[in-house]
Every structure is written in structure tokens, then in C-alpha cells.
Amino acid sequence: MAEESESKQSAVESMMEKISEKIHGHDSSSSSDSDSDHEKPASPSSVKAKIYRLFGRERPVHHVLGGGKPADVFLWRNKKISAGVLGGATAIWVLFELIEYHLLTLICHISILCLALLFLWSNAHTFIHKSPPRIPEIHLPEEPFLQVASALAIELNQGLKLLRDIASGRNLKEFLMVIAAFWVLSIVGSWCNFLTLFYICFVLLHTVPVLYEKYEDKVDPFAEKAAIEIKKQYAVFDAKVLSKIPMGPLKAKKV
């Protein structure tokens, strides 16, 4: 009888140990699953979908500016080159705008000075015991000028096509935007001349992109709120004003 009671107790103890092992194993698996769920990061696509970028861009600012050396200059990748370019533009603006020096006069004075120095050096090298100046032969290739002219022609044709489409009365929104842009440019043009306007744009190109690249995480949320508000105001304006303007029939496109 004692042996039977001992065997029963050992069987009960083994069953209890198995049950406790199963319970602990289930708890550890559930805790590991919960930890893995907590540690699992959000998918890149969902995070990317939540991020708003200014003007809907998907590429970095460097790629938006075209990449290469011009983008490096605008974003101050090489501070010496960027500072030199900006300083040269500032010197030209001061020379022509503040000192009121004329371009043709500057070119003529520089040409006179260079030709006089080279002429005197070429004739006086025997007296000063120095070798005559080696004047290099300058030959400008045609290909870069043709590429620039071709690119300008393409851009001008696209601009003329856009103006033609706007003038045809097919898109009232684009028409109002272009009229507002021309009106703003006319006001700015009355404040300053073309050289000053070009210099202002040049300075903005060297300051705004680099500041935006540095503080884009702060600028983009503010721009998102501004874009939402502008869309709301435009929707109200469209419902109250634009929708009531009669539009002309669209012209059928010729095949």
C-alpha cells in the first residue's frame, strides 16, 4: 500500500511539473511576441506617406536643384567657392548699381588696359631683360553655345505653348495665377531695375535652399498647414466666384 501511494504521488508531481512547464512556455512565447510587436518598427512606406514635403517633392534638395556643381554652389558644399561666387556677384552689383559704372565702359577700359600692358611688354622685353609674353590662342568651341541656344529655345517654346493654352480659356485657375504673377513682377519692376532684381534672385538662390535644407523638418509642417488653408480659401472662392463665371466652349483638337 505504501508503494502504491508513493507511485501515485510521483505521478501527480510529474503531471504538475508538465502543466507548469507548459504554462511558463506559453507565457514566455506570448511575452516574446508582445515584445517583438512593440519593437517592430513602422513600415517605411507608411512613414513616408505621412511625411509632407514642400511642393510635393520626393527627392532631396540637391537633386531638385539639378545636382552637380551648380547645386553644390547653391547649397554651400564648398564654402570658399560659394562665398567667392556670391562675393563676385555682389561686387558686380555694387560696381554697376551703386557706383553707376556702365558695362560698355568697363569692357572698353579693361580691354585698353590689357592691350596696353601686353603691347608695352612685347616691345620692352629686350630692355627689361625678360622673355616676351606668351599670348595664348583662344578658340571658343561651338558645341556649348549650340547646347545653350537649344536649351533656351526649348524653354521658350514651352513657355509660349503654356501662354497659348492659358489664353485659349481652358483653365481659369492657371489664367488667374499667371495674371497675378505678372502683376507682382510689374510691381517689383517698378521698385528696382533688372540688375537689382537679378541680384536679389541670385542672393535668394544662395540662401533659401541651404536654409530650407537645414530646417526642412520645421518648414514642411508649416507649409502643409499653409497649403491646406490655401486650398480651403480657394475652394470658397471657386464656389462663390469662379463657378459663376461663364466659360467658352472648348475647341476640339485637330488630329
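**Reading a helical chain**

Guide: Let us begin with a polar contact, in which the side chain of Thr196 meets the side chain of Asn193 at 2.8 Å. Please keep in mind throughout that this is a predicted model.

Visitor: Where is Thr196 found, and is Thr196 buried or exposed?

Guide: Thr196 belongs to helix H9, which covers residues 194-214. Its relative accessible area is 12%, and because buried means under 20%, Thr196 counts as buried.

Visitor: How should I read the fold as a whole, and how many helices and strands does the chain have?

Guide: The chain has ten helices and zero strands, so that its pattern along the sequence reads α-α-α-α-α-α-α-α-α-α. The general idea for such an element is that an α-helix has 3.6 residues a turn, so residues three or four places apart point the same way. Of the contacts with a separation of 6 or more, 56% join residues 24 or more positions apart. Buried residues make up 11% of the 255 residues, while the chain exposes about 21800 Å², of which carbon and sulfur atoms supply 68%.

Visitor: What does UniProt list as "transmembrane region"?

Guide: The unreviewed UniProt entry lists residues 81-99, 106-124 and 175-205 under that name. In the model, residues 106-124 are 100% helix and 0% strand, with end C-alpha atoms 27 Å apart. Residues 175-205 are 94% helix and 0% strand, and their end C-alpha atoms also lie 27 Å apart.

Visitor: How can I check the length of a helix, and what span should helix H7 have?

Guide: The check takes 1.5 Å times one less than the number of residues. Helix H7, residues 142-167, has 26 residues and should therefore span 38 Å, which agrees with the 37 Å between its end C-alpha atoms. Just after H7, Gly169 takes a positive phi of about 80°.

Visitor: Which residues other than glycine have a positive phi here?

Guide: As background, most residues other than glycine have a negative phi, and most peptide bonds are trans. Trp76 is one case with a positive value, its phi being near 60°, and Glu100 is another, with a phi of about 60°. Trp76 is found in the loop between helix H4 (68-74) and helix H5 (79-98), whereas Glu100 is found in the loop between H5 and helix H6 (103-124). As for accessibility, Trp76 is partly exposed, with a relative accessible area of 26%, and Glu100, at 59%, counts as exposed.

Visitor: Finally, how many disulfides does a search of the whole structure find?

Guide: In general, a disulfide is a covalent bond between the sulfur atoms of two cysteines. The search of the whole structure finds zero disulfides. For Cys192, the nearest cysteine sulfur is that of Cys201, 8.7 Å away; because a disulfide requires a pair of sulfur atoms within 2.5 Å, Cys192 is in no disulfide. Cys201 is likewise in no disulfide, its nearest cysteine sulfur being that of Cys192.

Visitor: Are these cysteines buried or exposed?

Guide: Cys192 is buried, with a relative accessible area of 18%, while Cys201 is partly exposed, at 39%.

Key: Residues numbered from 1 in each chain as written. Predicted model: local features only at pLDDT ≥ 70, side-chain atom pairs only at ≥ 80, totals over all residues. Heavy atoms only, no water. Helix = DSSP H or I, 4+ residues; strand = E, 2+ residues; numbered from the N terminus. Buried < 20%, exposed > 50% of the residue type's maximum accessible area, 1.4 Å probe, protein only. Contact = heavy atoms within 4.5 Å. Areas by Shrake-Rupley, 256 points an atom, 1.4 Å probe, with all protein chains shown as cover. UniProt positions renumbered as here; feature names shortened; annotations may be inferred. Polar contact = N/O pair within 3.5 Å; in protein donor to acceptor, adjacent residues only side chain to side chain.
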